[in-house]
Each structure stands twice: as C-alpha cells, then as structure tokens.
Amino acid sequence: MALTVDNLTEWINSFAQKVNDQKDYLSELDTPIGDGDHGNNMARGVKAVQESLENKKPAELTDAFKQIAMALISKVGGASGPLYGTAFLEMAKKSKDTTDLGELFAAANAGIKKRGGAQVGDKTMVDVWEPLSDQLAQGSLAQEDIDKAVNGTRGLVAKKGRASYLGDRSVGHLDPGAMSSGYLFTALIETEGI
Ligand code: ADP
Ligand code: MG
Ligand code: MG
C-alpha cells in the first residue's frame, strides 16, 4: 500500500482507458442535463495526460500530480476541466507531506468544493468525491460504494453547473461528472499495490 510514480501512472492509464471506452456514454449522460460534451472533454484531457507522462517521466510523485493537473486544466475545458485540475493540483501540494491516499483525496475534495462552490447533494462530482474520499481514509472503499455514490446523483436536483438551469427537471438523470469521477475511483481500487 504505497503510492509511487509507477502505480500512479498505472492508475491514470486505467482511468484513461475507462474514459475512452465510455466516452460516448459520458456525453450521452451530459445531453439531457447539459451540453453533451463531457465524454469528449474528458477523452481530450486523458489523452493529454498520457502524452505528458510519456514525454516526460516524472521524477517524484509531486511532479506526476502536477503534470496530470496541468494537462487536465489545459485540455478538458468546460466546468469539469478546472475542477479535475484543481483536484490533482491539491494532491500535488499534499504529496509533499504525505502519500496517504485518504489525506490526498481529502485535499482534492476540499479543492473541488472551494473552486466550484458545490456541496454534497448538489448533484455534481462532489457527491462522489466526498463520500468516497472519506471511505478511502477509512481504508474501506469498494466498487459497491462507488456505484452507490454515482447512482445517488440520479434522484438529486442540480444546484450547480449547467444541469442547475433545469431545476427540478434534472431529477432522474445521472450526473456525468459523478460518473467520470466514479471511473477514477474504480481505476484506483483496481490498481494493484496502491
Ligand atoms: P460543461 O458543463 O462546462 O460542459 P462538462 O460537461 O465537462 O462541463 O462537465 C460537467 C460536470 O462538471 C457536471 O456533471 C458536474 O459533475 C461537474 N460540475 C459542474 N459544475 C460544478 C461545480 N460548481 N462543482 C462541482 N462539479 C461541477
Ligand atoms: Mg458539458
Ligand atoms: Mg461544455
């Protein structure tokens, strides 16, 4: 159980694979309650992340997190780009003091909330990041928890982002950013040795 540049890279490559496999699905989720681009945004971002890590192998975890953050910020765009970017920038900062996943994710989640102003229950990626970061800290994160958090966004009224323009009509749809965040957590728990 230790985070290294190598297993971080494995984790991110696995996330990239899931985003690419589910690119159309993520954009479909974003169609009724958004502008239909989330899959394309994320696929563009993870491609840039993989190119960055291949072109320049990071020497330290902090550099790796920074490279990931910069690629996401410059290539994802939309609302989700700066939020994912902030998450990884906060992990970069935190990784100077600790490699503990619970602490890294707590810092990332706090950064997302500060940057986007969303709270749990607002039908955003925070509805995945917050509970799952807590479970990571307790060392007990399982796929069923991830599914529960993602599916939990279906019944919520969106209070932030484009989906909030729909008000009550956003109920009944999964939040696309919650789904893509779910893939990030699934990729994490599937990566051996982290
Ligand atoms: P855009 O809405 O600009 O097209 P994306 O489609 O890539 O951007 O991302 C939409 C996702 O971003 C939403 O599903 C939601 O999870 C997340 N999101 C949007 N606004 C916020 C916010 N203020 N705080 C947290 N997450 C947000
Ligand atoms: Mg969108
Ligand atoms: Mg958009």
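## Ligand shell, helix packing and selected residues

With 13 C-beta neighbours inside 10 Å, Gln-119 counts as partly exposed, because that class covers residues whose count falls between the limit for exposed, 12 or fewer, and the limit for buried, 20 or more. The model is a predicted one, and Gln-119 is placed by it in the loop between α6 and α7. Not counting residues up to four places away in sequence, Gln-119 touches Lys-113 and Val-126, and its C-alpha lies 9.1 Å from that of Lys-160, although 41 residues separate Gln-119 and Lys-160 in sequence.

The loop between α6 and α7 (126–137) also holds Lys-123, which counts as buried because 28 C-beta neighbours lie inside 10 Å. The backbone of Lys-123 has a phi near 65°, a positive value in a residue other than glycine. Most residues other than glycine have a negative phi.

Helix α6 contains Ile-112, a buried residue with 27 other C-beta atoms within 10 Å. Leaving aside neighbours within four places in sequence, Ile-112 is in contact with Leu-83, Thr-86, Ala-87, Met-125, Val-126 and Trp-129. His-38, for its part, lies in helix α3 and is buried, with 28 other C-beta atoms within 10 Å. With sequence neighbours within four places again left aside, the contacts of His-38 are Leu-26, Ser-27, Leu-29, Asp-30, Ser-80, Pro-176, Gly-177 and Ser-180.

The table lists pairs that are separated in sequence, with their C-alpha to C-alpha distances.

| Pair | Separation in sequence | C-alpha to C-alpha distance |
|---|---|---|
| His-38 and Ser-80 | 42 residues | 8.1 Å |
| Gln-119 and Lys-160 | 41 residues | 9.1 Å |
| Ile-112 and Tyr-84 | 28 residues | 7.4 Å |

Turning to the ligand, there are 24 residues around ligand 1, of which Gly-78, Gly-116, Thr-124, Gly-161 and Gly-177 come nearest. Helices α3 (38–55), α5 (80–94), α6 (101–116) and α9 (176–190) each supply at least two residues of this shell, and the largest share, three residues, comes from α9. By residue class, the shell around ligand 1 divides into eight nonpolar, ten polar and six charged residues.

Two packed helices are described by the angle between their axes and the distance between the axes. For α3 and helix α4 (residues 61–75), the angle is about 145° and the axes are 8 Å apart, with α3 passing α4 in a right-handed crossing. On the α3 side the residues that meet α4 are Arg-44, Gly-45, Ala-48, Val-49, Ser-52 and Leu-53, while α4 contributes Gln-67, Ile-68, Ala-71, Leu-72, Ser-74 and Lys-75. The residues of this contact divide into six nonpolar, four polar and two charged.

In soluble globular proteins, nonpolar side chains tend to be buried together. Leaving aside neighbours within four places in sequence, Phe-15 is in contact with Val-46, Tyr-183, Leu-184 and Ala-187.

Note on methods:
Residues numbered from 1 in each chain as written. Chains lettered and ligands numbered in written order. Predicted model: local features only at pLDDT ≥ 70, side-chain atom pairs only at ≥ 80, totals over all residues. Near = placed C-beta within 6 Å. Helix = DSSP H or I, 4+ residues; strand = E, 2+ residues; numbered from the N terminus. Nonpolar A, V, L, I, M, F, W, Y, C, P; charged D, E, K, R; others polar. Axes fitted to C-alpha atoms, helices over the stretch in contact; angles between N-to-C directions. Left-handed = near helix turned anticlockwise from the far one by under 90°. Contact = placed C-beta atoms within 7 Å.
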